[in-house]
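Thanks for asking for a second pair of eyes on this one. Here are a few notes to read alongside the coordinates.

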Amino acid sequence: MPDAAQVVAAVFYKGRIIYSDANDGNIRSINLDGSNSTVLRNNAANISSLNIYDPHLQTGSNVCEQNKGNCSHLCIPKGSDHRVCMCATGYSLQSDGKSCAGISDFILFSVNSGYDIMGIKYNKNESKVQQVLGPLSKVSLAAKVDFHAAEDYIYWVDIDHGTISRTHRDGTGRENIIEYVETGDPTPVDQFTDIAVDWIAQNIYWSDPKENVIEVARLTGQYRYVLISGGVDQPSALAVDPESGYLFWSESGKIPLIARAGLDGKKQTILAQEIIMPIKDITLDRKNKRVYWCYSVGSNVLESMDYSGGSKMQLKLSSNIKNAVALNVFKWLRLHYEQIIALIGTVN
């Protein structure tokens with residue numbers, strides 16, 4: 001090997017070392033004692049990695065070769081006849097040492113500053129936060145996330161790309177189920193703003209403020225149908241109660257409001273119209289039949305009402321909590337604001 005060589009990548013192959021030299025931009029082959037240097041290719045600058053593709057290098061067997069060693073997710077060999085099973089992030093290995101089961105409940109949220117969709121197991125009596133989702137790449141601006149537990153799918157709407165997508169929690173089966181269709185506006189930004197999954201009928205609803213419609217389709221994206229059109233002004237946040245048969249939505253147009261209809265779009269009713277500013281998110285307490293909502297910017301107030309628009313209540317948060325962007329009800333009310341998740345009280 002030349003004294004001035006700067007090796008940036010190397011691989012052993014058939015008793016010789018193949019390496020890339022950053023100083024002269026050559027790929028060379030040498031004996032193990034450094035003799036008999038041969039240039040295999042010149043003008044190969046800026047190489048960062050080097051390997052040899054040869055099927056004969058990948059021979060042999062171990063216990064993970066057949067059917068992943070009977071492991072649900074990962075089979076890790078420990079020698080030729082022993083193995084250990086491991087599970088993807090968010091799953092735990094069961095007592096049989098082979099099966100993986102997903103963590104039953106966790107906080108699912110998106111962080112637009114880092115282009116991430118995340119999941120954390122959070123116990124209100126513990127300070128330790130456990131990640132329960134692997135990284136989801138190529139998510140530009142996930143404005144809303146939802147899920148379908150029976151099929152272990154996570155859904156999200158990407159308002160930058162104009163898509164509604166889904167993936168299994170273990171990272172498989174990722175696909176776009178709804179994509180932007182140009183109808184005069186060439187940009188897909190803000191085409192879809194919210195989604196809501198009906199886990200019983202296996203349908204998905206979404207709002208389209210550009211076309212001023214609310215649509216529905218199967219969870220696969222099939223049989224797309226315009227459910228509500230005409231008379232709506234920039235529909236934004238959505239929520240569904242499949243057992244009660246209700247669809248709730250907010251509008252952020254000239255007169256911000258919250259409305260309700262059947263899941264078929266019929267019997268539309270305005271529940272709240274004296275809204276102080278556009279609404280960012282709405283969520284349902286299905287047990288007590290109440291609607292909660294937070295405002296778009298600069299507010300530390302949450303409000304709620306019953307399914308008929310009555311019994312309105314206001315919850316004023318701490319003065320240091322502003323700009324709430326998302327909320328959800330599960331045993332206690334969860335609030336997502338400025339990338340902080342807070343638990344702000346129990347729901348009876």
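**Notes on salt bridges, a strand and a patch**

1. Asp194 is buried, with a relative accessible area of 2%. Please keep in mind that this is a predicted model. Asp194 forms a salt bridge with Lys144, and their closest N and O atoms are 3.0 Å apart. This pair links distant parts of the chain, with Asp194 in strand β16 (residues 194–198) and Lys144 in strand β12 (residues 142–148), 50 residues apart. Lys144 is buried too, at 17% relative accessible area, because the cut-off for buried is under 20%.

2. A second pair to look at is Asp241 and Lys289, whose side chains meet in a salt bridge at 3.8 Å, N to O. Here again the pair links distant parts of the chain: Asp241 lies in strand β20 (residues 235–241), and Lys289 in the loop between β24 (279–285) and β25 (290–295), 48 residues apart. Asp241 counts as buried at 0% relative accessibility, whereas Lys289 counts as partly exposed at 35%. Returning to the pair in the opening point, salt bridges that share partners join Lys144, Asp194 and Asp281 into one network.

3. How many salt bridges does the structure hold? There are eight. One of them joins the side chains of Arg28 and Asp24 at 2.6 Å, N to O. Arg28 counts as buried at 14% relative accessibility, while Asp24 is partly exposed at 33%.

4. Now for β9, where five of five residues are buried. Ile107, Phe109 and Val111 point one way from the strand, and Leu108 and Ser110 point the other way. In a regular strand, side chains alternate between the two faces of the sheet. β9 runs antiparallel to strand β10 (residues 116–121), and five bridges join the two. Leu108 has Gly119 as its bridge partner in β10.

5. Is Ile103 buried or exposed? With a relative accessible area of 14%, Ile103 is buried. Beyond its neighbours within four places in sequence, Ile103 is in contact with Gly90, Lys121, Gln130, Val132 and Arg169. The C-alpha atoms of Ile103 and Tyr91 are separated by 5.6 Å, although the two are twelve residues apart along the chain.

6. Finally, the surface: Leu74, Ile76 and Met86 make a nonpolar patch of about 240 Å². Ile76 sits in strand β5 (residues 74–77) and is partly exposed, with a relative accessible area of 32%.

Notes
Residues are numbered from 1 along each chain as its sequence is written. This is a predicted model: local features need pLDDT of at least 70, side-chain atom pairs count only at pLDDT 80 or more; totals for chains, interfaces and linings use all residues. Side-chain values use heavy atoms; hydrogens and water are left out. Buried means under 20% relative accessible area, exposed over 50%, partly exposed in between (1.4 Å probe, protein chains only). Contact means heavy atoms within 4.5 Å. Helices (H or I, at least four residues) and strands (E, at least two) are DSSP runs, numbered from the N terminus. Two strands pair if DSSP finds at least two bridges between them. Patches are made of residues with over 30% relative accessible area and no salt bridge: like charges are joined within 9 Å, nonpolar side chains (Val, Leu, Ile, Met, Phe, Trp, Tyr) within 5 Å. Accessible areas come from the Shrake-Rupley method with a 1.4 Å probe; for residues, only the protein chains shown count as cover. A salt bridge is a side-chain nitrogen of Lys or Arg within 4 Å of a carboxyl oxygen of Asp or Glu.
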